[in-house]
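This briefing sets out selected features of the structure shown below, grouped by topic.

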Amino acid sequence: MVDILNHSKYLILTFFFIGCGSESNIKSYRTPKKDFGLEIIQKEEISNKRNELNLTWILPDTWVPSKGHSMRLASFDVPYSKGVGDLSIVSLSGSSGGLLANVNRWRGQVELEPINETDILTTSTVGESKMGPYRVFKMINENKKGKAIIAAVLPTGEKTFFIKLTTDVQGISELEPSFKKFCSSIGESKL
């Protein structure tokens, strides 16, 4: 048993000295951050999508790019005093099913009954972006304070852009001005 232990000591020392060559053989490596560089890739993907579409916007300082699903051109976490809202930008060709269908789909997401086109037009407001006019819709379920959406529809002829912020009643109250300012900043890049 003693021979095995002595032999093991020599074997370990041999590996130690072989492994410890001159300093010129020392190598160092940088390991990625905990996110494995995904945040950087994600920001690049968002930037690339924006460039592919030739879109520009002025992002409020507190909004953070986030990972959305593949239908989204861009996604942002939008913080406010009681939490974080989810903002998405989606582009679809043409009128994309029309205003009535899209607004009533959003109303369904916050458990509100559908309304007719006249009500949709009278309850919305109009804003002006660098690409033209857009219409803003607020959908607040007063019975379910945790569910609210503010959305903008920006038609450009060939495409329609849908900018939707999902949050709660408090979030809509706090974020509506910055949401409208963001929508107004959307334009086409002059590349």
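Predicted model: local features only at pLDDT ≥ 70, side-chain atom pairs only at ≥ 80, totals over all residues.

The side chains of threonine 167 and tyrosine 80 make a polar contact at 3.4 Å.

- Threonine 167 belongs to strand 8, which covers residues 159–167.
- Its relative accessible area is 9%, under the 20% cut-off, so threonine 167 counts as buried.
- Not counting residues up to four places away in sequence, threonine 167 touches Tyr80, Gly85, Gly146, Lys147, Ala148 and Ile172.

**Helix 5**

- Helix 5 comprises 17 residues, 169–185. At 1.5 Å a residue it should span 24 Å, and its end C-alpha atoms are 24 Å apart, so the two values agree.
- The N-terminal end of helix 5 is capped by aspartate 168, a side-chain oxygen of which lies 3.2 Å from the backbone nitrogen of glutamine 170.
- An α-helix has 3.6 residues a turn, so residues three or four places apart point the same way.

**Nonpolar cores**

- The largest nonpolar core has 26 residues, of which Phe76, Leu87, Ile89, Ile163, Phe179 and Phe182 touch the most other members.
- At least two residues of this core come from each of strand 3 (74–80), strand 4 (83–93), strand 6 (132–140), strand 7 (148–155), strand 8 and helix 5.
- Helix 5 provides the largest share of this core, 5 residues.
- A separate core of 10 residues includes Phe137, Ile149, Val153 and Phe162.
- In soluble globular proteins, nonpolar side chains tend to be buried together.
- Apart from its neighbours within four places in sequence, leucine 87 is in contact with Trp63, Arg72, Ala74, Ser75, Phe76, Val78, Ile163, Lys164, Leu165, Phe179 and Phe182.

**Serine 75**

- Serine 75, one of the residues in contact with leucine 87, is located in strand 3.
- With a relative accessibility of 2%, serine 75 counts as buried.
- Its side chain makes a polar contact with that of arginine 72, at 3.0 Å. Arginine 72 is also among the contacts of leucine 87.

**Aromatic pairs**

- There are 6 aromatic pairs in the structure.
- In the pair of tryptophan 63 and phenylalanine 76, the ring centres are 6.4 Å apart and the planes lie at 45 degrees, so the pair is tilted.
- Tryptophan 63 is in the loop between strand 1 (55–56) and strand 2 (64–65), whereas phenylalanine 76 is in strand 3, so this pair ties together parts that are 13 residues apart in sequence. Both tryptophan 63 and phenylalanine 76 are buried.
- The rings of phenylalanine 76 and phenylalanine 182 have centres 6.1 Å apart and planes at 70 degrees, so this pair is edge-to-face.
- This second pair joins distant parts of the chain, with phenylalanine 76 in strand 3 and phenylalanine 182 in helix 5, 106 residues apart. Both phenylalanine 76 and phenylalanine 182 are buried.
- One aromatic cluster is formed by Trp57, Trp63, Phe76 and Phe182.

Conventions. Residues numbered from 1 in each chain as written. Heavy atoms only, no water. Helix = DSSP H or I, 4+ residues; strand = E, 2+ residues; numbered from the N terminus. Expected span 1.5 Å × (residues − 1). Polar contact = N/O pair within 3.5 Å; in protein donor to acceptor, adjacent residues only side chain to side chain. Buried < 20%, exposed > 50% of the residue type's maximum accessible area, 1.4 Å probe, protein only. Contact = heavy atoms within 4.5 Å. Core = buried A, V, L, I, M, F, W, Y, C linked by side-chain atoms within 4.5 Å. Phe/Tyr/Trp six-rings, centres within 6.5 Å; stacked < 30°, edge-to-face > 60°.
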